[in-house]
Structures are given as C-alpha cells and as structure tokens.
Amino acid sequence: MNRRHFLRQVVQGAALAGLIGCGSETSIAADSAPESPLPTSAGPLKITKVKAILTMPERIRLCVVKVETSEPGLYGLGCATFTQRIRTVVTAVEQYLAPFLVGQNPDQIEDIWQAMYQSSYWRNGPVLMNALSGVDMALWDIKAKRAGMPLYQLLGGRCRTGIPVYTHIAGITNEQVADRVKAAIEDGYRYVRAQVSVPGNANYGAGSAPTPTTQRSREQASAAARVFNPAAYRRSVPKLFAHLRKTVGDEVELLHDIHERLAPIDAIGLAKELEQYHLFFLEDPFAPEDVGYFKHLRQQSATPIAMGELFNNPNEWLDLVSGRLNDFIRCHLSQVGGISAARKIAALCGFYNIRTAWHGPGDTSPVGHAAHVHLDLSTWNFGIQEVVRFTPATRDLFPGTPEVRNGMMYGNEKPGLGIDLNETLAAKYPIRDNPPFDLDWGRLRDRDGTIRRP
Ligand code: GCO
Ligand code: MG
C-alpha cells in the first residue's frame with residue numbers, strides 16, 4: 001500500500017467514524033471500518049490474527065506479539081516479555097485479546113488500547129499490561145509501515161543523531177570492576193553501571209566469588225548465593241565508587257542499581273554517602289511499595305535518582321513525577337502499556353524536567369529495544385538508555401536489532417519499528433520452563449532465613 005492510498009484510507013476511516021459516531025454505542029475500531037460508503041479497492045484494513053511467539057536465543061525467555069492484517073505481508077511486532085511468568089502473557093494475548101482484536105481496524109490504536117485496558121475490569125499489573133503492551137507496539141509498527149516511515153518520524157522526528165547508552169560492568173573486586181570500566185571506556189562508552197560482588201553474598205548484577213570446583217563447595221556456593229547481607233553490601237558500595245573515581249577519574253558517568261535491596265533508611269544513607277562521587281544516577285533505592293520514602297530522600301541527598309522498572313500502575317509514578325521526587329523515569333515499556341503509554345509518561349515527565357531512562361535489560365526482547373530507539377530519538381527530555389550486548393544468534397533471529405557503536409545506539413530508516421522476527425529460527429530456541437522461578441527471585445533470604453525483595 002503506498003502512502004497516498006494509506007492517507008486516503010485514514011481520511012475515509014475518519015469520515016466514516018464521524019458518520020457513525022453520533023448516538024451509537026459501537027466501538028470506533030470495529031464498526032467504523034466495514035460499512036464504508038466510499039468503496040475502496042482493498043476496503044478498510046483489518047486485523048486478521050494475533051499471536052504470542054516465545055523464544056529463548058540466550059538464557060532468557062522472550063515473548064513477542066505478532067499482529068497480522070488483511071493486507072498481505074503487513075504485520076506488526078511488539079515486545080510482551082514478562083520473563084518470570086511468560087506463559088501467562090501468552091494466555092492473556094491468545095485467549096483474551098486475540099478474539100477481541102480480530103476484525104478490528106489496526107489504525108485505531110488509542111481506542112483499541114483503552115478497550116483492552118478497560119475490558120478486564122480489574123486493570124494494570126504485569127500480565128495484562130504485558131499482553132496489552134505487545135499489541136500496542138505492534139499496532140504502532142503497522143501504522144508507521146503504512147505511512148512508509150520509521151516510527152520516530154511519526155512520533156515527531158529526531159531530537160538527536162544517536163542514543164547514548166549505558167553498559168553493565170560488574171566484578172568480584174573493586175580492582176576488577178575498575179579494569180572493566182576502563183575497557184568499556186576504550187569501547188567508547190561514556191556511561192557505565194558499576195556493581196561489585198560481596199564474597200559469600202547474593203549480589204545483584206555482579207557475579208559472586210570464583211566458580212567452586214568440588215560438589216561440596218558447589219552446594220555451599222549455591223546456598224550462599226541465596227543469602228543477602230544488606231550491611232555488607234551497604235558498606236561495599238561507597239568503597240567501590242571511591243576506588244573508581246581514584247582509578248578511572250571523573251570523566252566517566254557512573255551509575256549503580258540498589259535494586260530495592262536495602263532498608264529505606266539505609267538507602268537514604270547510601271545516597272548521601274555517594275554524593276561525593278557524582279553518580280549519573282542511583283537506581284531503585286526503594287521498592288515500589290516504599291515510594292513514600294522519596295520525600296525523605298529528597299530532603300537529604302542530591303544524588304540523582306532513577307526509578308520505575310517495577311511500575312505497572314500509573315499511581316506508582318504520578319506522585320513521584322509531579323512531586324519532582326525522581327530524576328529519571330525507568331519504566332519497562334511492556335509493563336506500562338507499550339509505546340502509547342510511554343509517550344504519555346515521557347510527555348508528563350517533560351513538564352517536570354524528568355528524563356527518560358527506559359528499562360532495557362536482557363529480559364526485554366530486541367523488539368522492545370527497537371521501540372526504545374524510536375522513543376529515545378523523538379523525546380526531548382531523553383536522559384540515557386540501558387542496553388545489553390546482542391549476540392549474533394539474537395541478531396539473526398531479530399533482523400534489524402539496534403546497533404550499538406561507540407557508546408551510542410542506532411536504529412535504521414526502515415518503515416515501522418525497523419525490526420523483524422524469523423519465526424522458523426525462533427522455533428529452534430524453545431523456552432525452558434524449569435526452573436520456574438528465574439535467578440533467585442523468590443528465593444533470596446536474609447541470614448536468619450527471612451525472604452527478601454529480589
Ligand atoms: C536493570 C534491572 C534488571 C532486572 C531484571 C528483572 O536495571 O536492568 O534491575 O536487571 O533485575 O530485568 O527480570
Ligand atoms: Mg534495575
């Protein structure tokens with residue numbers, strides 16, 4: 001379909017909506033399309049199929065939603081990766097959303113978003129939001145493909161030439177972390193997240209001690225790997241950043257993720273103590289359940305704060321943003337409602353001069369990372385983008401996966417999100433269902449055996 005045909009369709013669709021709208025209870029998406037008084041060659045575009053594709057090219061389970069249309073070869077992709085409960089998302093997509101979506105006009109993104117969101121009566125939460133978000137991203141992919149332009153153009157065009165990213169650096173000693181930070185700077189990275197492990201402690205983002213050799217030491221290590229000593233961790237972080245500033249200098253922007261692993265008051269203490277090391281941001285000082293502590297943190301520390309990867313309900317970020325209590329919003333696109341929601345969150349944050357730093361770990365599929373590219377290029381109040389290193393296997397599986405060069409991420413000029421998924425290859429990487437719980441989520445304990453936040 002060429003751009004002229006697409007634009008005629010949109011005009012006809014809108015005209016028709018106007019005709020039908022007055023007084024009828026019908027949904028714009030479903031009814032506006034079929035009864036077109038103005039015959040067209042292809043007729044209004046329809047959604048013909050919606051499915052969730054699971055694959056696992058690396059060690060992480062990924063879920064991608066594919067929305068197919070009545071126009072041969074025109075389909076959209078969206079990321080719906082909730083890796084910890086991935087099969088529940090498939091059920092939500094295929095058992096609940098697909099029957100509702102088939103026959104709808106994919107053009108009506110906002111109407112479809114609201115219908116999906118309201119249709120469960122009980123809203124938000126990780127499963128339903130991932131399902132809805134995957135469909136949403138796919139609809140934006142379709143719309144930009146029909147418009148014959150990369151999505152960022154539809155979102156308002158470029159605000160920058162490339163996207164600064166940060167990379168993850170971890171080690172078992174401060175010296176090892178410093179060496180790896182230097183290597184990352186060599187590779188062109190200007191932003192580096194640094195995490196160090198505490199021997200015998202379950203560390204987030206940093207491997208633990210050298211791999212044990214005997215069965216006995218393996219058992220000891222795996223048991224130890226589930227025990228978290230918050231005090232030891234709390235003491236280790238300032239030492240790490242003191243060492244990094246002394247050995248790597250002030251040029252590099254340093255980030256750290258507390259991963260909600262400290263008691264709120266200790267996180268406040270740590271943020272104060274880290275002020276002298278001028279972090280670019282300190283992430284997840286509190287759990288979403290403890291956002292009430294932000295006002296106390298704000299009063300005591302000027303360390304920039306990033307928060308949001310665990311959010312999947314607007315009430316979790318509205319007060320934070322309107323209270324100017326965080327500096328970076330870190331939402332996970334498929335947890336908050338996809339591109340439609342992220343645009344609104346970015347716009348809201350813009351009025352409070354809060355910058356975006358979308359959550360971009362390994363459990364975001366390359367389709368999600370591609371969506372980040374279009375948002376990050378077109379958002380003025382962009383801050384930084386988290387990204388992972390994509391392996392050749394992943395790139396083969398997802399042609400169009402964003403490029404990272406010299407500490408900057410780049411998309412392509414293809415229409416839509418600019419990414420695809422090779423379904424035949426995807427089937428070669430079936431997901432593993434065991435162990436059911438990822439990493440140590442739900443198994444992390446205090447030394448006295450108390451379950452801890454992940
Ligand atoms: C990050 C995150 C991730 C999460 C993971 C959960 O900042 O990248 O904290 O590492 O822990 O996405 O599945
Ligand atoms: Mg994090």
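This is a predicted model: local features need pLDDT of at least 70, side-chain atom pairs count only at pLDDT 80 or more; totals for chains, interfaces and linings use all residues.
I took a nonpolar core as a set of buried Ala, Val, Leu, Ile, Met, Phe, Trp, Tyr and Cys residues joined through side-chain atoms within 4.5 Å, where buried is under 20% relative accessible area, exposed over 50% and partly exposed in between, with a 1.4 Å probe and protein chains only.

For my own bookkeeping, residues are numbered from 1 along each chain as its sequence is written, while chains are lettered from A and ligands numbered from 1 in the order in which they are written. Local features need pLDDT of at least 70 and side-chain atom pairs count only at pLDDT 80 or more, whereas totals for chains, interfaces and linings use all residues, and side-chain values use heavy atoms, leaving out hydrogens and water.

Next I looked at helix α15 (residues 366-378), where 13 of the 13 residues are buried, so the helix is largely enclosed by the rest of the structure.

I then followed the chain to Thr379, which lies in the loop between α15 and β11 (385-386) and counts as buried because its relative accessibility is 9%. Leaving out residues up to four places away in sequence, Thr379 touches Cys159, Arg160, Ala346 and Thr356, contact being heavy atoms within 4.5 Å.

At the magnesium ion (ligand 2), I found Asp257 (OD), Glu283 (OE) and Glu309 (OE) as protein donors, lying 2.1 Å from the ion; donors are N, O and S atoms within 2.8 Å of the metal (3.2 Å for Na, K and Ca), and water is not among the atoms, so sites may look incomplete. Along the chain these donors follow the spacing D-x25-E-x25-E. Both Glu283 and Glu309 are buried.

Last, I checked ligand 1, which 13 residues surround, the closest being Tyr204, His259, Glu309, Asp363 and Glu386, with a residue counted as near if one of its heavy atoms lies within 4 Å.

Notes: Helices (H or I, at least four residues) and strands (E, at least two) are DSSP runs, numbered from the N terminus.
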